Amino acid sequence: MSEDPRHLAQILDLERIEINIFRGHSPQTGWIRVFGGLVIAQALVACSRTVEGRLPHSLHGYFLLPGDPSAPIVYEVDRIRDGKSFTTRRCNAIQHGQAIFSLSASYQVEETGLEHAVPMPDVPDPESLPGDPEAYAQAGAEIPKAVQRMFERERTLELRPVDVSRYARHAPMAPVQYVWIRAVGPMPDDQAFHRAALAYLSDMTLLDTALMAHGRTIFDGGVQVASLDHAIWFHRPFRADEWLLYAQDSPNTGGSRGLTRGLLYARDKRLVASVAQEGLIRLLSGKS
């Protein structure tokens with residue numbers, strides 16, 4: 001495995017400091033607060049290390065306080081229930097004596113049954129899309145510098161938006177977007193680990209979808225944006241170090257909040273996970 005600390009497999013490899021207590025760290029890549037996907041993923045890893053023979057099928061989390069990327073994060077797991085078919089865990093992420101995030105996760109023994117899934121949208125393959133630096137260059141000089149810096153800095157994940165040119169437009173449009181995404185670097189052959197990696201990447205670009213309906217992006221100075229809660233349902237096995245299509249939409253904004261949804265598909269068109277998130281979308285005073 002690479003020694004690069006930005007590789008996701010290393011970021012999610014928590015230190016056990018007691019039976020139900022773990023410690024994680026944030027990569028020092030310039031974020032002013034802990035990335036939401038990081039704390040979701042690390043909390044899920046902590047829960048999974050207290051469960052044997054079962055994989056997580058769902059999680060629900062609430063962001064309570066902004067995290068400090070310069071300080072370690074302590075994860076305390078509560079073993080709520082171990083049943084015949086399902087296992088329930090709760091985890092609080094703590095910094096400076098306060099909970100910054102709270103997670104509930106449910107695990108299930110492997111079972112078979114009825115199956116159906118919404119078909120994967122028809123979009124270009126990731127190999128036919130330009131890589132990150134080429135994407136905004138191809139879209140023209142109107143792409144904001146903040147967007148370019150995001151693509152250049154975020155090396156833990158590789159992202160290929162189907163239409164990056166939307167960052168150059170400032171007109172309302174349908175709140176729907178498609179992004180190919182995968183973890184950079186090799187991942188262990190552990191499905192629980194890949195589900196934690198998906199939890200990490202599932203927080204990328206999601207709230208920005210709600211802003212499309214208003215001709216804005218998360219990089220606009222007149223909008224305060226922050227994740228409030230996050231939910232994931234895992235449907236089928238997958239690898240997070242292989243391309244996943246993240247199909248996103250936003251059915252509603254109101255009350256200074258925006259609701260966004262996402263479906264994640266593997267390259268073979270299987271629906272592997274569903275995501276929902278509500279976030280703060282607040283217009284700053286004097287900005288319209």
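Colleague: Which residues touch the most other members of the largest nonpolar core?

Modeller: Y75 and L198, in a core of 56 residues. Helix α2 (residues 36-48) gives the most to this core, with 9 residues. Bear in mind that this is a predicted model.

Colleague: What is L198 in contact with, leaving aside neighbours within four places in sequence?

Modeller: Among others, I232, F234, F238 and L264. A second, separate core has 9 residues, including V123 and W243.

Colleague: Why is L65 called partly exposed?

Modeller: Its relative accessibility is 38%. Buried needs under 20% and exposed needs over 50%. The value for L65 lies in between, so L65 counts as partly exposed. L65 sits in the loop between β3 (55-63) and β4 (73-82). With Y62 and L64, L65 makes a nonpolar surface patch of about 300 Å².

Colleague: How do you know that β3 and β6 pair?

Modeller: Pairing takes at least two bridges. β3 and strand β6 (residues 98-108) have 8, in the antiparallel sense. S58 stands opposite S106 in β6. β3 also runs antiparallel to strand β9 (residues 223-234), joined by 5 bridges. There, Y62 has D229 as its bridge partner.

Colleague: What makes K84 exposed?

Modeller: The relative accessible area of K84 is 82%. The cut-off is over 50%, so K84 is exposed. K84 is found in the loop between β4 and β5 (86-95). Not counting residues up to four places away in sequence, K84 touches R54 and V109.

Colleague: Why is the pair D78 and R90 called a salt bridge?

Modeller: The closest N and O atoms are 3.2 Å apart. The limit is within 4 Å, so the pair qualifies. D78 is in strand β4 and R90 in strand β5, 12 residues apart. D78 is partly exposed at 36% relative accessibility. R90 is partly exposed too, at 38%.

Colleague: And D82 with R89: buried or exposed?

Modeller: One of each. D82 has 53% relative accessibility, over the 50% mark, so D82 counts as exposed. R89 has 1%, under 20%, so R89 is buried. Their side chains meet in a salt bridge at 2.9 Å, N to O.

Colleague: Why does D241 count as buried?

Modeller: D241 has 18% relative accessibility, under the 20% cut-off, so D241 counts as buried. R239, at 25%, counts as partly exposed. The side chains of R239 and D241 meet in a salt bridge (2.9 Å, N to O).

Colleague: How many salt bridges does the structure hold?

Modeller: The structure holds 13. E158, R160 and R182 are linked in a network of them.

Definitions and conventions:
Residues are numbered from 1 along each chain as its sequence is written. This is a predicted model: local features need pLDDT of at least 70, side-chain atom pairs count only at pLDDT 80 or more; totals for chains, interfaces and linings use all residues. Side-chain values use heavy atoms; hydrogens and water are left out. A nonpolar core is a set of buried Ala, Val, Leu, Ile, Met, Phe, Trp, Tyr and Cys residues joined through side-chain atoms within 4.5 Å. Buried means under 20% relative accessible area, exposed over 50%, partly exposed in between (1.4 Å probe, protein chains only). Helices (H or I, at least four residues) and strands (E, at least two) are DSSP runs, numbered from the N terminus. Contact means heavy atoms within 4.5 Å. Patches are made of residues with over 30% relative accessible area and no salt bridge: like charges are joined within 9 Å, nonpolar side chains (Val, Leu, Ile, Met, Phe, Trp, Tyr) within 5 Å. Accessible areas come from the Shrake-Rupley method with a 1.4 Å probe; for residues, only the protein chains shown count as cover.
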